[in-house]
Amino acid sequence: MDKNNFEKLINAASGKLGTSPEKLRSSLEKGDIKGLSANLSKADKEKLKMVLQNKELMNKLKSASNPEEMMRILNKK
């Protein structure tokens, strides 16, 4: 994924998570799952945990070329 698409994804995700793009980026870089999920419902926290623990799915997400492709991958799981 190129830098522009990554920034779009960070901006969109930060809005959904109720945090700033900078805070989200920092949490991702640190691997801070609690920071990522602080504003999520219990059900959404479980979904996030399941995605992060699925190595095959994570590899597919890492290879996605843009945020739209990532959403297609997540919706197929």
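**Close-up views of a predicted helical model**

Asn-5 touches Ser-65, Asn-66 and Pro-67, setting aside residues up to four places away in sequence. Contact here means heavy atoms within 4.5 Å. This is a predicted model: local features need pLDDT of at least 70, side-chain atom pairs count only at pLDDT 80 or more, and totals for chains, interfaces and linings use all residues. Residues are numbered from 1 along each chain as its sequence is written, and side-chain values use heavy atoms, with hydrogens and water left out.

**View 1. Asn-5 in helix H1.** Asn-5 lies in helix H1. Helices (H or I, at least four residues) are DSSP runs, numbered from the N terminus. Is Asn-5 buried or exposed? Asn-5 counts as buried, because its relative accessibility is 13%. Buried means under 20% relative accessible area, exposed over 50%, and partly exposed in between (1.4 Å probe, protein chains only).

**View 2. Helix H1 along its length.** H1 covers residues 3-17. Its 15 residues, at 1.5 Å a residue, should span 21 Å. The expected span is 1.5 Å times one less than the number of residues. The end C-alpha atoms of H1 are 21 Å apart, which agrees. Just after H1 comes Gly-18, with a positive phi of about 70°.

View 3. Asn-5, Ile-10, Ser-14 and Leu-17 are buried in H1. Seen down the axis, the buried residues of H1 fall within an arc of 165°, so they line one face of the helix. The arc is that of the directions from the helix axis to the C-beta atoms. An α-helix has 3.6 residues a turn, so residues three or four places apart point the same way. Gly-15 and Lys-16 are exposed, on the face of H1 turned away from its buried side. The buried residues of H1 pack against helix H2 (21-30), helix H3 (33-37) and helix H6 (67-76).

**View 4. Ser-14 and its neighbours.** Ser-14 also belongs to helix H1. Its relative accessible area is 3%, so Ser-14 is buried. Which residues does Ser-14 contact, leaving aside neighbours within four places in sequence? They are Thr-19, Ser-20, Pro-21 and Leu-24.

**View 5. H1 against H2.** The axes of H1 and H2 are 8 Å apart, and the helices pack at an angle of about 105°. That makes H1 roughly perpendicular to H2. Axes are lines fitted to C-alpha atoms, for helices over the stretch in contact, and angles run from 0 to 180 degrees between N-to-C directions. Angles of 65 to 115 degrees count as roughly perpendicular. From H1 come Glu-7, Ile-10, Asn-11, Ala-13, Ser-14 and Leu-17. They meet Pro-21, Leu-24, Arg-25 and Leu-28 of H2. By class, the contact of H1 with H2 has 6 nonpolar, 2 polar and 2 charged residues. Ala, Val, Leu, Ile, Met, Phe, Trp, Tyr, Cys and Pro count as nonpolar, Asp, Glu, Lys and Arg as charged, and the others, Gly among them, as polar.

**View 6. H4 crosses H5.** Helix H4 (residues 42-53) and helix H5 (residues 55-62) have axes that come within 5 Å and cross at roughly 85°. H4 and H5 are therefore roughly perpendicular to each other. Val-51, Leu-52 and Gln-53 of H4 make the contact with Lys-55, Leu-57, Met-58 and Leu-61 of H5. The residues of this contact divide into 5 nonpolar, 1 polar and 1 charged.

**View 7. Lys-62 in H5.** Lys-62 sits in helix H5. Lys-62 counts as exposed, because its relative accessibility is 62%. Lys-62 and Ala-13 are 49 residues apart along the chain, and their C-alpha atoms are separated by 15 Å.

**View 8. The two faces of H6.** Pro-67, Met-70 and Ile-73 are the buried residues of H6. They cover an arc of only 115° around the axis, which puts them on the same side of H6. These buried residues pack against H1 and H5. Glu-68, Asn-75 and Lys-76 are exposed, on the face of H6 turned away from its buried side.

How values were computed
Angles under 35 degrees count as roughly parallel, over 145 as roughly antiparallel, 65 to 115 as roughly perpendicular and the rest as oblique.
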